[in-house]
Amino acid sequence: MQFFVSVTGKNLMEKRHCSPIELIKIASQYAYCAGHLLHIETTPTHDSVDLQDKLLPVISLVYSAFELTLKAYCLHYYALIKPAKNLLELLEINDELTLSKKEIGLVRNLSYQYAIHKGIDYDLWSDRQEMHVFCYDIIALYERLQTMMPVGLQADYQ
């Protein structure tokens, strides 16, 4: 028995795969929101919420932006998304990207920080300011990743 049937009899829960362009657009929206949240969090407030707690949504959005962007690149180059467990594996698949050791370290730290979603917390930062700086650095790296975008995925090419 089907519960999600429209008046025309077509299944409303049909799955559709996103194009690389759609993935890039979504990733860009996530990154924009992360940057906006980060900017808001730099304004002084008087509440007692820990800065790390305020920055976790930024981390989640940036992680998703990286993941979707790297998957879009895979779709563009290989016409499929190879299964990957984390961002570092997605970077390995996208071997045409040239990132420095420092940039790969930033991505590694992003993966470690995102592990909180699996119930794992790595002590990456000696103080709250380090995490704050990391958020700025990882957003800057995402912007640099955009400059490496294949021509076929760039808005001007469309």
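## Reading contacts in a predicted helical model

Author: A search of the whole structure, which is a predicted model, finds 2 salt bridges.

Reader: Which side chains meet in a salt bridge at 3.1 Å, N to O?

Author: In general, a salt bridge is read from a side-chain nitrogen of Lys or Arg and a carboxyl oxygen of Asp or Glu, which must lie within 4 Å of each other. In this structure R16 and E22 form such a bridge, with 3.1 Å between N and O. R16 is exposed, its relative accessible area being 56%, whereas E22 is partly exposed at 28%.

Reader: With which residue does R144 form a salt bridge, and where in the chain do the two residues of that pair lie?

Author: The partner of R144 is E103, and the closest N and O atoms of the two are 2.4 Å apart. This pair links distant parts of the chain, since R144 belongs to helix α5 and E103 to helix α4, 41 residues apart. R144 counts as partly exposed, with 32% relative accessibility, while E103 counts as buried, with 12%.

Reader: How should I read a pair of aromatic rings, and how many aromatic pairs does the structure hold?

Author: A pair of aromatic rings is described by two values, the distance of the centres and the angle of the planes. The structure holds 5 aromatic pairs, among them that of Y63 and Y114, whose ring centres are 3.7 Å apart and whose planes stand at 0°, so this pair is stacked. Because Y63 lies in helix α2 and Y114 in helix α4 (residues 101-114), the pair ties together parts that are 51 residues apart in sequence.

Reader: How are the rings of F66 and Y142 arranged?

Author: The centres of these two rings, F66 and Y142, are 5.6 Å apart and their planes are at 70°, so the pair is edge-to-face. Here too distant parts of the chain are linked, F66 being in helix α2 and Y142 in helix α5 (residues 128-147), 76 residues apart. F66 counts as buried at 3% relative accessibility, and Y142 is buried as well, with a relative accessible area of 4%.

Reader: Where is the place of T69, and which residues is T69 in contact with, leaving aside its neighbours within four places in sequence?

Author: The place of T69 is in helix α2, which covers residues 51-78, and T69 is buried, with a relative accessible area of 0%. A polar atom of the T69 side chain lies 2.8 Å from the backbone oxygen of A65. When its neighbours within four places in sequence are left aside, T69 is in contact with I24, A27, Y142, L145 and Q146.

Reader: And which residues does S111 touch, not counting those up to four places away in sequence?

Author: S111 lies in helix α4 and counts as buried, with 14% relative accessibility. Residues up to four places away in sequence not being counted, S111 touches Y63 and L87; Y63 is the tyrosine whose ring is stacked with that of Y114.

Reader: Finally, which residues make a nonpolar surface patch?

Author: A patch is read from residues with over 30% relative accessible area. In this structure Y112, I120 and Y122 make a nonpolar surface patch of about 260 Å². Of these, Y112 is found in helix α4 and is partly exposed, with a relative accessible area of 33%. For the protein chain, the accessible surface comes to about 10200 Å², of which 56% belongs to carbon and sulfur atoms.

Methods:
Residues numbered from 1 in each chain as written. Predicted model: local features only at pLDDT ≥ 70, side-chain atom pairs only at ≥ 80, totals over all residues. Heavy atoms only, no water. Helix = DSSP H or I, 4+ residues; strand = E, 2+ residues; numbered from the N terminus. Buried < 20%, exposed > 50% of the residue type's maximum accessible area, 1.4 Å probe, protein only. Polar contact = N/O pair within 3.5 Å; in protein donor to acceptor, adjacent residues only side chain to side chain. Contact = heavy atoms within 4.5 Å. Phe/Tyr/Trp six-rings, centres within 6.5 Å; stacked < 30°, edge-to-face > 60°. Patch = residues over 30% accessible without salt bridge, like charges linked within 9 Å, V, L, I, M, F, W, Y side chains within 5 Å. Areas by Shrake-Rupley, 256 points an atom, 1.4 Å probe, with all protein chains shown as cover.
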